[in-house]
Amino acid sequence: MAMNQSALVKLVLSFIGLCITAYILGPPLYWHFKEGLAAVTHSSSSSSCSPCLCDCSSQPLLSLPQGFSNASFADCAKRDPEVSEDTEKNFVDLLTEELKLRDAEASENHRRADMALLEAKKMTSQYQKEADKCNSGMETCEEAREKAEAALVAQKKMTAMWEARARQRGWKEGVARSNVQSQGNVESI
């Protein structure tokens, strides 16, 4: 019985695999077959066409080796009498509508680009104002630093001059501190 079940499972799996393969490969094969059939039908029906009447000898567009007929492109540009006025009108209408749509799309893109450019200009202006403020602040700061540095140099010179005078008159650094402390004690009493 186990052998029977495994054979049945193999048969079912094989059938499922065959169905999946047919599902995947069926449509492309069907369309290839249909195109091949249409090509065969078209080639057999086109052989019964009457030959084209073209006067290509007056102005040859292509020079072909002897034995080949000249295929004129000028005849293709001529108006085909089988094409009706309605078909041409519909074609022109479709082209006009397509041009209008593309023009509207181009206008919209141009408008968006102009808006983005305007926004970028606003942001640039704002950043430039901030940069100008920053530069002005930096210049002010630099001027104040230079003035403070000059004042410090002048103060150091003044201090050095007074210290030199004091030393000339007998001032000593250690003695001055003890005198200042003793004067502070006398004043507090």
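**Cysteines, charged pairs and aromatic contacts**

Cys141 is exposed, with a relative accessible area of 53%; in the terms used here, buried means under 20% relative accessible area, exposed over 50% and partly exposed in between (1.4 Å probe, protein chains only). The structure is a predicted model, in which local features need pLDDT of at least 70, side-chain atom pairs count only at pLDDT 80 or more, and totals for chains, interfaces and linings use all residues. Residues are numbered from 1 along each chain as its sequence is written, and side-chain values use heavy atoms, with hydrogens and water left out. Cys19 has a relative accessibility of 35% and is therefore classed as partly exposed. The count of disulfides (cysteine sulfur atoms within 2.5 Å of each other) is zero.

Seven salt bridges were found in a search of the whole structure, a salt bridge being a side-chain nitrogen of Lys or Arg within 4 Å of a carboxyl oxygen of Asp or Glu. One of these joins the side chains of Arg111 and Glu108, with an N to O distance of 2.6 Å. These two residues lie three residues apart in helix H3 (residues 85–168), so about one helical turn separates them; helices are DSSP runs of H or I with at least four residues, numbered from the N terminus. Arg111 is partly exposed at 40% relative accessibility, and Glu108 is also partly exposed, at 27%. The pair belongs to a network of salt bridges that links Glu108, Arg111 and Arg112.

A salt bridge also connects the side chains of Glu130 and Lys133, where the N to O distance is 4.0 Å. Glu130 and Lys133 are three residues apart in helix H3, so their separation is about one helical turn. Glu130 is partly exposed, with a relative accessible area of 44%, whereas Lys133 is exposed, at 58%.

In the salt bridge between Arg167 and Glu163, the closest N and O atoms are 2.7 Å apart. The spacing in helix H3 is four residues here, so Arg167 and Glu163 are separated by about one helical turn. Both residues are partly exposed: the relative accessible area is 44% for Arg167, and Glu163 stands at 33%. Another arginine, Arg165, has its charged end over the ring of Trp162, at 5.1 Å from the ring centre. A charge sits over a ring if NZ of Lys or CZ of Arg is within 6 Å of the ring centre and within 35 degrees of the ring normal.

One aromatic pair is present in the structure. Its members are Tyr30 and Trp31, in an edge-to-face arrangement with 5.2 Å from centre to centre and 75° between the planes. (Rings of Phe, Tyr and Trp, the last by its six-membered ring, pair with centres within 6.5 Å; planes under 30 degrees apart are stacked, over 60 edge-to-face, the rest tilted.) Tyr30 is partly exposed, at 45% relative accessibility.

A nonpolar patch on the surface is formed by Leu8, Val9, Leu11, Val12, Leu13, Phe15, Ile16, Ile20, Tyr23, Ile24, Leu25 and Leu29. Together these residues have about 1,300 Å² of accessible area, computed by the Shrake-Rupley method with a 1.4 Å probe, only the protein chains shown counting as cover. Patches take residues with over 30% relative accessible area and no salt bridge, joining like charges within 9 Å and nonpolar side chains (Val, Leu, Ile, Met, Phe, Trp, Tyr) within 5 Å. Val12, a member of the patch, is placed in helix H1 (residues 2–46). Its relative accessible area is 42%, so Val12 is partly exposed.
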